[in-house]
Amino acid sequence: MRPASLLSLIGFITLIAATYCPMLRPFHLMNWNVYKLNQPYGMVIMLVGVIGILCTVLNQAKITRIAAWASLVLVVLLFIAAILKVKTTFSFIPFRGINGFLTKQIAFKWGWYVLFTGAGLSVIGALASKKRVYTEGK
């Protein structure tokens, strides 16, 4: 296995492992992973990671590249959705001070770093594993 494919494989494995890491901690009571945030979306990220692992092992460069980019897009969309959800969770409260205090009680955790690292490694590995075209010299 080439180093670029190995990097892509490590990225997809990290992506799958990151779905179980803590992402949000509401009110310092419990930790939420991707499946607590949105279970169907977490399953889609898991499926893309498994497809990426299989295509990396089977040396399918084009599908691995598509899975790597899809994983990065899915992670970015999940992060944007989490930010918007946290900002609008307590918007029904008419008092700004209470709204701001409750919003600050929802903390982002270290799992986001792992999730972005996995998606980034898979994209870097997929881009680096492009097949080189050799031409014969005359």
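Guide: Contact means heavy atoms within 4.5 Å, and helices (H or I, at least four residues) and strands (E, at least two) are DSSP runs, numbered from the N terminus. This is a predicted model, in which local features need pLDDT of at least 70 and side-chain atom pairs count only at pLDDT 80 or more, while totals for chains, interfaces and linings use all residues. Residues are numbered from 1 along each chain as its sequence is written, and side-chain values use heavy atoms, with hydrogens and water left out.

Visitor: Which elements are included in what covers the buried residues of α1?

Guide: Buried means under 20% relative accessible area, exposed over 50%, and partly exposed in between, with a 1.4 Å probe and protein chains only. In α1 (residues 3–18), the buried residues include A4, L9, F12 and L15. The cover over the buried residues of this helix includes α3, α4 (61–88) and α6 (111–128).

Visitor: How far does helix α1 reach from its first C-alpha to its last?

Guide: The expected span of a helix is 1.5 Å times one less than its number of residues. Helix α1 has 16 residues, and its reach is close to the expected span, coming to 22 Å.

Visitor: Is G42 buried or exposed?

Guide: G42 belongs to helix α3 (residues 39–57), and, not counting residues up to four places away in sequence, G42 touches V34 and Y35. Because its relative accessibility is 0%, G42 counts as buried.

Visitor: Which backbone nitrogens does the side chain of N33 reach?

Guide: N33 sits in the loop between β1 (24–26) and α2 (34–37), and N33 is buried because its relative accessible area is 16%. A polar contact is a pair of N or O atoms within 3.5 Å; within protein, one must be able to donate a hydrogen and the other to accept it, and residues adjacent in sequence count only if both atoms are side-chain atoms. The side chain of N33 lies 3.1 Å from the backbone nitrogen of Y35, and a polar atom of that side chain lies 3.0 Å from the backbone nitrogen of K36.

Visitor: What is the phi of H28?

Guide: Most residues other than glycine have a negative phi. H28 is found in the loop between β1 and α2, and H28 is partly exposed because its relative accessible area is 47%. Although H28 is not a glycine, its phi is positive, at about 55 degrees.
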